[in-house]
Amino acid sequence: MEDDAQVGADNIVTEFNSYEEFLDSQITPLDLYYLEDEELARQLVELGYRGSGEVLKREEFEARKAAAEASRLSKKSPQKALASSDKDLKDQFLRALAMREEANRSGKMTTIIFIRDKNPRGQEISGYIDYAHRLKTEDFEPYFSGKKRLLPRPSDLSFYNWETQTSTSNPTPNYQVIAENASGLLFKNKRDRKILNVDPKAAPGDNSTRTTLENTKYTQVVIYDHITRRKT
């Protein structure tokens with residue numbers, strides 16, 4: 001019976017564009033004749049005193065209407081192809097990024113990438129990149145195609161230019177930077193509040209792993225994967 005009521009409510013929100021339209025459908029010409037007030041007739045239907053159909057509160061109607069619209073849009077919108085799709089990835093680093101792309105886009109994982117190498121000016125730079133954030137704010141197709149090299153920037157989680165001694169750190173939607181700490185540089189995940197420790201001599205932390213990549217086109221690459229679990 002409960003399922004039948006839910007189906008009935010879902011049918012109502014798809015049939016009528018507004019709550020007022022739903023109320024009007026429950027009002028008979030006889031109601032209007034005796035009440036002589038359309039607004040009063042609507043109020044009586046909402047309270048359950050008039051109307052032949054199911055009583056549905058405004059809040060429930062609007063909530064179900066929003067849910068139905070969200071469902072319609074999700075079915076209408078095609079699944080966005082991954083930037084790494086259909087790429088012949090021979091580079092170990094790019095393969096590692098491709099393996100993690102879907103999980104970082106969907107929010108199941110928030111990966112931090114440490115890179116140390118030289119910038120186009122020949123200056124040695126290093127930094128920590130929030131992979132999920134970069135995927136959302138930048139087109140990664142040129143990276144997976146080999147047209148661009150992924151390098152840390154001053155706008156990333158952490159950046160250091162060894163020649164100019166320039167140092168920056170920035171929070172992202174996924175991580176807070178904890179720089180002033182006896183344990184060294186730490187990153188706090190904003191979703192589950194877990195700490196990720198990038199010290200190679202320490203454990204990376206709960207739900208986190210550290211992977212060092214060898215034989216890449218970079219001086220040094222370390223990938224920190226954090227499996228995100230929302231607090232219930």
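Me: Two strands pair if DSSP finds at least two bridges between them. Which residue of β2 stands opposite I112?

Reply: D130 does. Keep in mind that this is a predicted model: local features need pLDDT of at least 70, side-chain atom pairs count only at pLDDT 80 or more, and totals for chains, interfaces and linings use all residues. Residues are numbered from 1 along each chain as its sequence is written, and side-chain values use heavy atoms, without hydrogens or water.

Me: How do β1 and β2 pair, parallel or antiparallel?

Reply: Antiparallel, over seven bridges. Strands here are DSSP runs of E with at least two residues, helices are runs of H or I with at least four, and both are numbered from the N terminus.

Me: What about the turn of that hairpin?

Reply: Five residues sit between the two strands. G122 takes a positive phi near 85° there.

Me: And which residue of β9 is opposite I112?

Reply: Y224. β1 (residues 109-118) and β9 (residues 220-227) run antiparallel, joined by eight bridges.

Me: Where does helix α6 pack?

Reply: On the sheet. Helix α6 (residues 92-106) touches β1, β8 and β9. Its direction makes about 155° with that of β1. Axes are lines fitted to C-alpha atoms, for helices over the stretch in contact, and angles run from 0 to 180 degrees between N-to-C directions. Contact means heavy atoms within 4.5 Å.

Me: Zoom out. What is the strand order in the sheet?

Reply: β4-β3-β2-β1-β9-β8. That makes six strands in an open sheet, with antiparallel pairing. β4 (166-169) and β8 (208-213) are the edge strands, each pairing on one side only. On average, neighbouring strands are turned by 10° against each other, direction ignored.

Me: What holds such strands together in general?

Reply: Strands of a sheet pair through backbone hydrogen bonds, either parallel or antiparallel.

Me: Back to β2. Is it enclosed or open?

Reply: Largely enclosed by the rest of the structure, because six of its seven residues are buried. Buried means under 20% relative accessible area, exposed is over 50%, and partly exposed is in between (1.4 Å probe, protein chains only). β2 also pairs with β3, antiparallel, over four bridges. G127 has F159 as its bridge partner in β3.

Me: New topic, the core. Which residues touch the most other members of the largest one?

Reply: F93, L97, I113, I115, F140, F144 and L150, out of 23 residues. A nonpolar core is a set of buried Ala, Val, Leu, Ile, Met, Phe, Trp, Tyr and Cys residues joined through side-chain atoms within 4.5 Å.

Me: Which elements supply at least two residues each?

Reply: α6, β1, β2 (124-130), α7, α8 and β9. α6 gives the largest share, five residues.

Me: What is L97 in contact with?

Reply: I113, Y131, F144 and L150, leaving aside neighbours within four places in sequence. Another core lies apart from the largest one. It has eleven residues, including Y128, Y175, V198 and Y224.

Me: Now charges. How many salt bridges are there?

Reply: Twelve. The rule is a side-chain nitrogen of Lys or Arg within 4 Å of a carboxyl oxygen of Asp or Glu. One of them joins D156 and R134, at 2.9 Å from N to O.

Me: Which parts does that pair tie together?

Reply: D156 is in the loop between α8 (141-144) and β3 (158-161), and R134 is in helix α7 (residues 131-137), so the pair links parts 22 residues apart in sequence. Both residues are buried. Salt bridges with shared partners join R134, E138, K148, R153 and D156 into one network.

Me: How far apart are the closest N and O atoms of E124 and R116?

Reply: 2.8 Å, in a salt bridge. E124 is partly exposed at 27%, and R116 is partly exposed at 25%. K108 and E102 also form a salt bridge, at 3.5 Å. K108 has a relative accessible area of 49%, and E102 has 37%.

Me: Last one. Is N189 buried or exposed?

Reply: Buried, at 2% relative accessibility. N189 is in strand β6 (residues 186-189). Its side chain reaches the backbone nitrogen of D192 at 3.1 Å. A polar contact is a pair of N or O atoms within 3.5 Å; within protein, one must be able to donate a hydrogen and the other to accept it, and residues adjacent in sequence count only if both atoms are side-chain atoms. Beyond four places in sequence, the contacts of N189 include T110, N174 and H226.
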